[in-house]
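The following report describes the architecture of a single protein chain. Please read it with the sequence and the three-dimensional view at hand.

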Amino acid sequence: MNIIKKYYGGVVVLQLNRPKALNALNTEVMHELVDIMQELDKDSKVGCFVITGNKKAFAAGADIKEMSDKSYLQMLGEDFFAGWEAFAKIRTPKIAAVSGYALGGGCELAMMCDMIFASENAKFGQPEIKLGVIPGIGGSQRLTKIVGRIKAMDMILTGKFINANEAMQSGLVSRIFTTEELLEKAIEVATTISSYSKVSTMIAKEVVNRSEELGLQEGVLFERRMFHSLFATSDQKEGMQAFTQKRTPNFGGFNNKIN
């Protein structure tokens, strides 16, 4: 079993479980993780995922043994790594809880999540250049969008690691916790997110992600139209009525009646 799945109410924690390989990401891990998440993505009761590893490693990279002997035509024919985009497209919010090494594919996996929380011992890096290759799961693109071209060039061309504090200063990490409290705090935040309307959190994700692709005018228009669309859901009615009545809302998520 490469993935350990645990439920905490509306939160699902998915722990990478290849400790002897420092949670290196291979095709089997990818399929197992994506299959679990795609199924739960449709579940209105699941409001947030937490992706984590162990104290030593979130994921120390892609599995070198799996691909070292492959030829260019094999890599091209298999479209190697393309399957990870299915992880990126999961609509339910996902938090990466990173302790230890998040390198190469591990760093890229964390960046495909919506937020990254780090423990004090976390290390991030894209060291593929040391192996004669470059990032292959979106690292050059996502890292550059997050930390900027100059910082991304430094990390990718030198293969240097950055610690949790530097990652936070660069905008890669949103919160830092002790190693002992990391998962607990991630579940706590995920529980807050899962208490909201899943329709709203999914759309909120979509408009933020679209901001990277659209100019300001088109982005604001897209946001406004998506805002308007939520008035077709009973969760909008419930949320606003609960606010005026000073009570906790009871959101229905995908069970909404569309008006």
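## Terms and basis

A nonpolar core is here a set of buried Ala, Val, Leu, Ile, Met, Phe, Trp, Tyr and Cys residues joined through side-chain atoms within 4.5 Å, where buried means under 20% relative accessible area and exposed means over 50%, with partly exposed in between (1.4 Å probe, protein chains only).

The model is predicted, and local features need pLDDT of at least 70, side-chain atom pairs count only at pLDDT 80 or more, and totals for chains, interfaces and linings use all residues. Residues are numbered from 1 along each chain as its sequence is written, and side-chain values use heavy atoms, with hydrogens and water left out.

## Nonpolar cores

The largest nonpolar core has 48 residues, and those with the most contacts inside it are Trp84, Phe87, Leu109 and Phe124. Its largest share, 7 residues, is supplied by helix α1 (residues 27-41); helices (H or I, at least four residues) and strands (E, at least two) are DSSP runs numbered from the N terminus. Apart from residues up to four places away in sequence, Trp84 touches Leu25, Asn26, Met30, Leu33, Leu109, Met112 and Ile137, contact being defined as heavy atoms within 4.5 Å.

A second, separate core of 14 residues includes Ala97, Ala186, Val189 and Ala190. In soluble globular proteins, nonpolar side chains tend to be buried together.

## The sheet

An open sheet of mixed pairing is formed by 6 strands in the order β1-β2-β3-β5-β7-β10, two strands being counted as paired if DSSP finds at least two bridges between them. The edge strands, β1 (3-8) and β10 (175-177), each pair on one side only. Neighbouring strands of this sheet are turned by 20° against each other on average, direction ignored; axes are lines fitted to C-alpha atoms, for helices over the stretch in contact, and angles run from 0 to 180 degrees between N-to-C directions. Helix α9 (residues 182-194) lies across β1, β2 (11-16), β3 (48-52), β5, β7 and β10, and runs at about 160° to β3.

Strand β5 (residues 94-98) pairs in the parallel sense over 4 bridges with β7 (residues 115-119), and β3 and β5 are likewise parallel over 4 bridges. Thr52 has Ala97 of β5 as its bridge partner, while in β7 Met115 is the partner of Ile95 and Ala118 that of Val98. Because 5 of the 5 residues of β5 are buried, this strand is largely enclosed by the rest of the structure: Lys94, Ala96 and Val98 point one way from β5, and Ile95 and Ala97 the other way.

## Ala57 and strand β4

Ala57 lies in strand β4 (residues 57-59) and is buried, with a relative accessible area of 0%. Leaving aside neighbours within four places in sequence, Ala57 is in contact with Leu22, Asn23, Ser99, Gly100 and Tyr101.

## Helix α11

The 14 residues of helix α11 (residues 216-229) should span 20 Å at 1.5 Å a residue, which agrees with the 20 Å between its end C-alpha atoms; the expected span is 1.5 Å times one less than the number of residues.

Gly219, Phe222 and Met226 are buried in α11. They cover an arc of only 60° around the axis, which puts them on the same side of α11, the arc being that of the directions from the helix axis to the C-beta atoms. An α-helix has 3.6 residues a turn, so residues three or four places apart point the same way. The buried residues of α11 pack against α10 (198-210), whereas the face turned away from the buried side carries the exposed residues Leu216 and Gln217.
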